[in-house]
Amino acid sequence: FKTNCMACHQETGQGIPGAFPPLAGSDFLNADPNRAIVTITGGLQGKVTVNGQVYDGVMPSWSLTDEDIANVINYIYANWGNSGHTVTVDQVKANRVTPK
């Protein structure tokens, strides 16, 4: 998390209002673990609504191992009042977006 996510989403997971959405208590993130995998592996561009606020930016895709992606998502889900979902390495493999 500290290496790849913290600069934008901050150490507390609160993000930066108007620029980078929060991971803490994120309705977008908590709604669908597979979407979280797709977002990390494929990136995200354009408008997204998180906790009622619209963000319009770019999140790069990350070239991390399946295990690292599962670990970072599980860390996020286990903290900041998130859902506690568990993501497996096999789930990451099944939902990974291959960069073009």
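A residue counts as buried when its relative accessible area is under 20%, as exposed when the value is over 50%, and as partly exposed in between (1.4 Å probe, protein chains only). Ala-70, with a relative accessibility of 3%, is therefore buried. The model is a predicted one, with local features needing pLDDT of at least 70 and side-chain atom pairs counted only at pLDDT 80 or more, while totals for chains, interfaces and linings use all residues. Residue numbers start from 1 along each chain as its sequence is written, and side-chain values use heavy atoms, with hydrogens and water left out.

Ala-70 sits in helix 4, where helices (H or I, at least four residues) and strands (E, at least two) are DSSP runs numbered from the N terminus. Leaving aside residues up to four places away in sequence, Ala-70 touches Val-87, Thr-88, Val-89 and Val-92, a contact being heavy atoms within 4.5 Å. Lys-93 is 23 residues from Ala-70 along the chain, and their C-alpha atoms are 9.7 Å apart.

Helix 4 also packs with helix 3. Two packed helices are described by the angle between their axes and the distance between the axes. For helix 3 (residues 33-42) and helix 4 (residues 66-77), the axes come within 11 Å and cross at roughly 125°. Axes here are lines fitted to C-alpha atoms, for helices over the stretch in contact, and angles run from 0 to 180 degrees between N-to-C directions. The pair is therefore oblique, given that angles under 35 degrees count as roughly parallel, over 145 as roughly antiparallel, 65 to 115 as roughly perpendicular and the rest as oblique. On the helix 3 side, Pro-33, Ala-36, Ile-37, Ile-40 and Thr-41 meet Ile-69, Val-72, Ile-73 and Tyr-77 of helix 4.

Then there are the rings. Three aromatic pairs turn up in a search of the whole structure; rings of Phe, Tyr and Trp (its six-membered ring) pair if their centres lie within 6.5 Å, with planes under 30 degrees apart counted as stacked, over 60 as edge-to-face and the rest as tilted. Phe-1 and Tyr-75 make a tilted pair, 5.5 Å centre to centre with 40° between the planes. That pair links distant parts of the chain, 74 residues apart: Phe-1 is in the segment before helix 1 (6-9) and Tyr-75 in helix 4. Phe-1 is buried at 18% relative accessibility, whereas Tyr-75 is partly exposed at 38%. The rings of Phe-1 and Trp-80 have centres 5.2 Å apart and planes at 55°, so this pair is tilted.
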